[in-house]
Amino acid sequence: MAENSTEVQESKVKTNANPEGAEPHHSLSGKQKAALVVVSLGAERASQIYKYLGERDIEELTFEVAKMGKTTNSMVETTLEQFYRLCLTHKMMTDGGMDYARAVLEKAFGETAAKSLLDRVSHTLASKPFNFFSKGDPKALLSLLQNERPQVIALILSYMDAEQAAQVLENLAEAKRIPTVVAMAKMDRVSPEAISIVEDEMKRKFDTIITSEDNMNLGGIDFVADVMNHIDRSNEKKIFDELDVTDPDLSADIKDKMFVFEDILTMDDRSVQRFIRDCDSKDIVFALKTANEEMKQIFFNNMSKRMAETVHSDMEVSRNIRLKDVEEAQQRIVNLIRTLEDQGEVIINKGGDEDNVLV
């Protein structure tokens, strides 16, 4: 079913495509094509891409955008089509594997064009160290990593996306979780030699060994905060309770970069009213069961009188609610707030964040 859907999507692209394997507009360099894509996306969407680029890439890309002259409709369409094909190939390879991607691409674009796309995307995927972990079974991955040193685990987690790293971290033995969090947060630049050593240790269980030509920016407070944002509230609390004792300064630095349920107290009334509008009333009832009076007032002061009466009534009749259910309700509210912040509909105020000062 997924293949048929993809074929339909690919056929639409192919209808307006150039002959298979053709690469028009050779006068444009890779950087110029990237700049053209960024300009075509518009400022708001382009800003989302910039978040994932290093300083040097941002500088070079901005330079290309700034010096871009007139372009033809044909040049824009061809460049965007090439970009779309590469993105689609990347997704098919990561989600369905090489064989699936090859089969679909050959039907859509022909053998020559498909081979060109697969070769280019394969090179991109193979350039990231520890990429072979991305498709690994979480249980098998945990089984492999749980016997490694915290510093080794931290290095490997730093190459994963935040959600996958969170799954591993929350299932690590408690004795290793805090040292791993600390190691990730304090990690800065790692030499290619160190990466090679760790990869060699994993060589027996994974076929692909990838090295890095340049030092990589890894870990750091921002990365740990992102990981912690994906961890369930119960494990998040355990980690911070211990980190508050062993390294309170680091704990505070991480918390300053993330948003937790208690931070609702720092939000402005308009933002609170906005997220309450999308909240499930049952989640509010459960979430407030363990909340202090100040937190309860924040909620009640920013909801309609009718809703406040309903929540009050439901809280009075709700008994024997599991702490786990309370924490899960709080986490759903936090996730909603984070989503609304990404959409620019609420403001999360953190200490020292001058961009969010209200005037």
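How many salt bridges does the rule used here count? The count comes to 10 salt bridges, each one being a side-chain nitrogen of Lys or Arg within 4 Å of a carboxyl oxygen of Asp or Glu. Some of them are followed below, after a look at the model as a whole.

**The model and its confidence**

What you have here is a predicted model, in which local features need pLDDT of at least 70 and side-chain atom pairs count only at pLDDT 80 or more, while totals for chains, interfaces and linings use all residues. Residues are numbered from 1 along each chain as its sequence is written, and side-chain values use heavy atoms, with hydrogens and water left out.

The pLDDT (the predictor's confidence in each residue, from 0 to 100) averages 74 for the protein, and 70% of the residues score at least 70. Residues 1–26 have a pLDDT below 50, and this stretch has 48 contacts in the model beyond near neighbours in sequence; a contact means heavy atoms within 4.5 Å. Residues 351–359 also have a pLDDT below 50, with 5 contacts beyond near neighbours in sequence.

**The overall picture**

The secondary structure comes to 20 helices and 2 strands. These are DSSP runs numbered from the N terminus, with helices being H or I of at least four residues and strands E of at least two. Of the 359 residues in the protein, 40% are buried; buried means under 20% relative accessible area, exposed over 50%, and partly exposed in between (1.4 Å probe, protein chains only). Among contacts between residues at least 6 apart in sequence, 76% join residues at least 24 apart.

| Pair | N to O distance |
|---|---|
| Glu174 and Arg177 | 3.8 Å |
| Asp278 and Arg274 | 3.1 Å |
| Arg274 and Glu345 | 2.7 Å |

Let's begin with helix α11 (residues 174–186), where Glu174 and Arg177 lie 3 residues apart, about one turn of the helix. Glu174 is partly exposed, at a relative accessible area of 47%, whereas Arg177 is buried, at 4%.

Helix α16 (residues 269–278) holds Asp278 and Arg274, 4 residues apart and so separated by about one helical turn. Asp278 is partly exposed at 41% relative accessibility, while Arg274 is buried, with a relative accessible area of 13%.

Arg274 also meets Glu345 in a salt bridge. That pair links distant parts of the chain, 71 residues apart: Arg274 is in helix α16, and Glu345 is in the segment after α20 (323–342). Glu345 counts as partly exposed, at 37% relative accessibility. Through shared partners, the salt bridges join Arg274, Asp278 and Glu345 into one network.

**Where α16 meets α20**

Helices α16 and α20 pack at an angle of about 115 degrees, and their axes are 10 Å apart. Axes are lines fitted to C-alpha atoms, for helices over the stretch in contact, and angles run from 0 to 180 degrees between N-to-C directions. On the α16 side the contact is made by Arg274, Phe275 and Asp278; α20 contributes Ile333, Leu336, Ile337 and Leu340.
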